[in-house]
Amino acid sequence: MAGIDRKFRKGQVDELEHLRVRLAECEAELEEYKAGRKGACVEVEQLREAREKLELANLIVENSLAVLFRRKADDKFGLVYVSENVSQWGYSAEDFLNGTVFFEGIAHEDDRELVGAEIQRYQALDAEEYTQEYRIRTADGEVRWVSDETLVVRDEKGRRLFNQGILMDITRRKKAEEALVASESKFRRTIEGAGEGYFLMGEDLTIKEVNDAYCRMIGYERDALMGRRPHDFATLEYQRFLVDKKKKFLKQDQRRFEGSMIHKDGHVVPVLVNANTLRDEEGLFLGHVAFVADLTQQKKAVELAGEVQKSLLPKKAPTVSGLDVAGASVASEIAGGDYFDYLEGAGVGRPGLTVVVGDISGHGVDAALLMTTARGFLRMRASQPGTPVQVVTSMNQHLAEDLDGSGRFMTLFYLTLDTQKKRATWVRAGHDPAMIYCPVHDAFTELGAEAGLPVGVMDESVYTEHTNDLLPGEIFAIGTDGIWESRNRSGEMFGKKRFKAVVRRLSALSAQDILDGVFKAVEVFTEGAKAEDDITLVIVKYDQEG
């Protein structure tokens, strides 16, 4: 029995029996002493010591949950000893010793036949010890579980004399085990009935368990997935992602990411993975668990939002005398939060071109929807009378009311190029400053010393309008931080230094060539890795002879 030392199990019964025999001998000798047939003070002392030991042993046994027993090893299995603490089940030791109650009789009626058959089998095997677990009924009819550990006692010639051992009430343990089994069964039913995919991996990242939902998700039978890695069914891009992030993920107990699996029939299944590492109470590894959601329907919705968003971006560059313009925006997801627009001659008495570049906080569908709202209001307000700073201020007040409490905002750079007056006017609202490259002086200048607050943060924000003269050959570059904050596989950022180097190197080419060169340089630098943020850039070359 767990927690009971084997030596104690056998020795405790032997010790009690030995003490009782010795006590009987001493009492007999005491009677002889009293009769004057033998006088030995030593025997009286031995009698006292034996009685004390017996009382102590009985005290220990009777205050424990372990019921000790000894029965003869003959065909009748006559009981010669049972500890008094059998009373915990409503019986007395005397009931068993005088034959009023039998252990076979208190065994649960559904377990008696099995228990008897097991004892006969152990006897046939001449087993030295064996353990049984079965139910009994207490005197008041309550069902209890017991563990019966029996040892064989032999004489010096090896003949079986007694079967002795311990009965331990294990009802609490059994109930805990039953509760655990029920809990595990409930967990299994929950997992198997879930619409979300589930799998358990070992330390080698091979699948040990998988539910039907995951099998259906990628079209394979359970047996085809067992022992394989999820990596084996991933798209090439997702495989690269998993390889790149493996060390980082294994250091985290919880992780959440998206990927794409290849269905057995060949179509791609976009998935969202919520994974964690299971450990026991001592921190030892139990397995890697992942819950996988099919994002096919969500992605379709996102694709629709992305198509709507792209339809709102300029289809082609404007044709404005003296200006060569090119712009593009690439979302890190299907739908993004970056925005750029051209407003030709926006407003009464405003010739030339207005270029607007914005960056909504975050990315995805919600950022794309906010960008759509911002675009609509900006175009409406820009068509009305007002200076650039008045347009930006009105836009801020409108968005601040809509975004109050959402934590969302939008950075904005608003640049107006008046080719008649040869003047540039701009307002910066929390956005990275636009850059001007002058090929004549081979120098870069940043527009917007005062950053200003992003629009949508505070409705009372005050913005500043700046002006500058247009010089022949100047190249304006207005981008979002997704360009210079793009990272390669080593974690290094592209940076503005590399950005400026590309613009300088391609400055003699068209605005479109410069734009394409920047996007190509970012792609090469990141080695094709998935962008973490949206990337938007507008290039404007000024040529007064145009």
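In this predicted model, in which local features are given only at a pLDDT of at least 70 and side-chain atom pairs only at pLDDT 80 or more, while totals for chains, interfaces and linings use all residues, the side chain of Asn-211 reaches the backbone nitrogen of Tyr-214 at 3.1 Å. Residues are numbered from 1 along each chain as its sequence is written, and side-chain values use heavy atoms, with hydrogens and water left out. Asn-211 is placed in the loop between strand S7 (207-210) and helix H7 (212-218), where helices (H or I, at least four residues) and strands (E, at least two) are DSSP runs numbered from the N terminus. Asn-211 counts as buried because its relative accessibility is 0%, buried meaning under 20% relative accessible area, exposed over 50% and partly exposed in between, with a 1.4 Å probe and protein chains only. When residues up to four places away in sequence are not counted, Asn-211 touches Ile-191, Glu-192, Ala-194, Glu-196, Gly-197, Tyr-198 and Arg-222, a contact being heavy atoms within 4.5 Å.

The protein holds 14 helices and 20 strands, and buried residues make up 44% of its 546 residues. Of the contacts with a separation of 6 or more, 58% are accounted for by residues 24 or more positions apart. The mean pLDDT, the predictor's confidence in each residue from 0 to 100, is 83, and 84% of the residues reach 70 or more. Confidence is highest in strand S19 (residues 475-479), at a mean of 96, and lowest in helix H2 (residues 41-62), at 53. Where pLDDT is low, the predicted coordinates should not be read in detail.

Helix H12 (residues 388-403) has 16 residues and reaches 22 Å from its first C-alpha to its last, close to the 22 Å expected at 1.5 Å a residue, the expected span being 1.5 Å times one less than the number of residues. Its buried residues include Val-389, Val-392, Met-395, Asn-396, Leu-399 and Leu-403, and the buried residues of H12 pack against helix H11 (365-382), strand S14 (410-418), strand S15 (423-429) and strand S18 (465-469). Asn-396 counts as buried because its relative accessibility is 0%. Leaving aside neighbours within four places in sequence, Asn-396 is in contact with Pro-454, Val-455, Gly-456, Val-457, Met-458, Asp-459, Glu-460, Ser-461 and Tyr-463. Just after H12, Gly-405 takes a positive phi of about 85 degrees.

Most residues other than glycine have a negative phi. Lys-422, in the loop between S14 and S15, has a phi near 55 degrees, a positive value, and counts as partly exposed at 38% relative accessibility. Asp-126 has a positive phi of about 55 degrees although it is not a glycine; the place of Asp-126 is in the loop between helix H5 (112-124) and strand S3 (129-137), and Asp-126 is partly exposed, with a relative accessible area of 38%.

The largest pocket contains about 1,600 Å³ of space, and of the 45 residues that line this pocket, the closest to its centre are Phe-241, Ala-529, Lys-530, Ala-531 and Glu-532. On a 1 Å grid over the protein atoms alone, a pocket is an open set of points where a 1.4 Å probe fits, with protein on both sides within 12 Å along at least five of seven lines, and lining residues have an atom within 4 Å of a point; grid points are joined across faces, edges and corners, and the volume is the space filled by probe spheres set on the points. Helix H9 (236-250), strand S8 (254-262), strand S9 (268-279) and helix H14 (511-526) each supply at least two residues of the lining, and H9 gives the most, with 8 residues.

Gly-517 lies in helix H14 and is buried, with a relative accessible area of 15%. Leaving aside neighbours within four places in sequence, Gly-517 is in contact with Val-502 and Leu-506, while Gly-517 and Phe-499, 18 residues apart in sequence, are 9.8 Å apart in space, C-alpha to C-alpha.

Key
A polar contact is a pair of N or O atoms within 3.5 Å; within protein, one must be able to donate a hydrogen and the other to accept it, and residues adjacent in sequence count only if both atoms are side-chain atoms.
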